[in-house]
Amino acid sequence: MSIPFYVSPEQVMQDKAEYARKGIARGKSSLTLEYDGGILLMAENPSSLSKIGEIYDRIAFAGVGKFSEFDQLRKIGVRYADVKGYAYSRDDVRAKALANAYSQAMGDVFVRELKPLEVEMLVAEVGDENLAGHEKNAIYRVQFDGSISDHEGYCVIGGAAEDLDALLRAEYRPGLPLGDAMRLGQRALQRANEGAPPVDPDNLEVCLLEKARTGRKFNRLPSDRVRELLSAT
Amino acid sequence: MKFAGFGSRYEGSSFSELLRVDHPQLGLDQSWVRNPPGPISAPHGTTVLAFKYADGVVVAGDRLATEGHRVASRDIQKVYATDDYSIMAIAGAAGPAIEMARLLRIELEHYEKIEGEPLELEGKANKLSQMVRQNLPAAMQGLVVVPLFAGYDLRRHAGRLWKYDVTGGRYEETEFEATGSGGLFAGESLKKAYRPNVLRDEALRMSVEALTDAADQDRATGGVDVERRIFPSIDFCTAEGTRRAEDGEIEEVYRQLMAARRDRSNSR
């Protein structure tokens, strides 16, 4: 009779976490920044498969890591938000509840499944000054094991997140105009692949949650507009 | 892979299917209408119309809802922008019709978010057709919904419009269409005035005149109510999106129209 060999739960979790981190580190980073007109989401993404997506009127999503996994999570988020908004009211759909639901689901997969999710996500919600209790922006980061954190001003996800975070901590100030915020974001993403040529604006995926819009505030910027905003001083 | 926290089984891109599969308690269950507790009395919307003009398509509707011979509401909304480039106008039972417009709007938005690009205009019109067909059991009990659907087709660079019958039948119209209790009169009015490619001002005038004619002949149509300052909804859908006419400009057009008609009667 063979003796089933013992692996400590600690070791299992460590191995899973390492596996997930490695998977995430292979991809490029994404970031979000608050600017004077709302929230900016940016990713270096030469492909046509989006890393940033619209969830609801004031809520956007950004994912890094394995595309199939975070895109599935994005779609689930859209379904969750649309059903909630249909059953209650559009103002009842909040980023906090969504980020929590993501956290639960991802934590569950991390504990139960053999293979953890190789993804990390951002959920951003732009505030509405005319809606009491909804005035502030909110940014949540959810990691592969379901750990969740909220952020003010900026947040980075992906492989080189710590490095980029240091740069943003040093250079970010509240109330940046859009062009400045985008240039700061571009420099931060640049830092993610040091030594490589500068990030081509055509390879930047840039989306905004614009306060000034009515209804759906999500806006995906076309590449000529990205170029224009990055070059203006 | 399943995510327990969300409990979702449906994986496609249709919102109404998502409701049917995962949230039947919210959805479109109509089993109750087969055995209604009694005759169903509900507010009905009356006159809506749509026609093509130079820049796209215009959709208009009065604001009155009636329940039998009573006024149910004087300022109900019958013209709904379902997204930036499409408009649904409702006639018939107001409750289910407004819900249908709301559901269509979410359906189009949901598809766009899941798939990353919007449906073609024809796809939107077809989706509405399925929703009208689903309403058939309720229609058999008197809760008929017969919408108009119109929009700007960004691929063909033209305005297009459709009418529906109670079974979900979908018919594309090349010029104009009007429906609801005053639809006959509005349609006759448009038939006399219609010319292809009129400019916006003329299109606005034609809409106001058609609704005024409908209100003249049909007691259930509201028309322009200057006293209470309730104006019809008139939406213009073009390559630039959907714009609603201001109350002020509708009032001015209406006053000019009435002045012209008074002059005509006085000169007799």
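In this predicted model, the largest nonpolar core takes in 71 residues, and the ones with the most contacts inside it are Ala60(A), Leu98(A), Tyr102(A), Met121(A) and Val123(A). The top contributor to this core is helix α3 of chain A (residues 95-112), which puts in nine residues. Take Tyr102(A) as a way into the packing: setting aside neighbours within four places in sequence, Tyr102(A) is in contact with Leu73(A), Gly77(A), Met121(A), Val123(A) and Val142(A). Another core, this one of 70 residues, lies apart from it, and Tyr80(B), Leu211(B), Ala220(B) and Cys237(B) are among its members.

Now for chain B as a whole. Along the principal axes, the C-alpha atoms of chain B fill a box of roughly 80 × 50 × 30 Å. Of the 268 residues in chain B, 45% are buried. As for how the chain folds back on itself, 66% of the contacts in chain B between residues at least 6 apart in sequence join residues at least 24 apart.

That leaves the place where the chains meet. Here, 14 residues of chain B are in contact with 17 residues of chain A. On the chain B side, α1 (15-22) and α2 (94-115) each supply at least two residues, and α2(B) gives the most, with four. Sorted by class, this side of chain B has eight nonpolar residues, five polar and one charged.

Conventions:
Residues numbered from 1 in each chain as written. Chains lettered and ligands numbered in written order. Predicted model: local features only at pLDDT ≥ 70, side-chain atom pairs only at ≥ 80, totals over all residues. Core = buried A, V, L, I, M, F, W, Y, C linked by C-beta atoms within 7 Å. Buried ≥ 20, exposed ≤ 12 C-beta atoms within 10 Å, placed from the backbone. Contact = placed C-beta atoms within 7 Å. Nonpolar A, V, L, I, M, F, W, Y, C, P; charged D, E, K, R; others polar.
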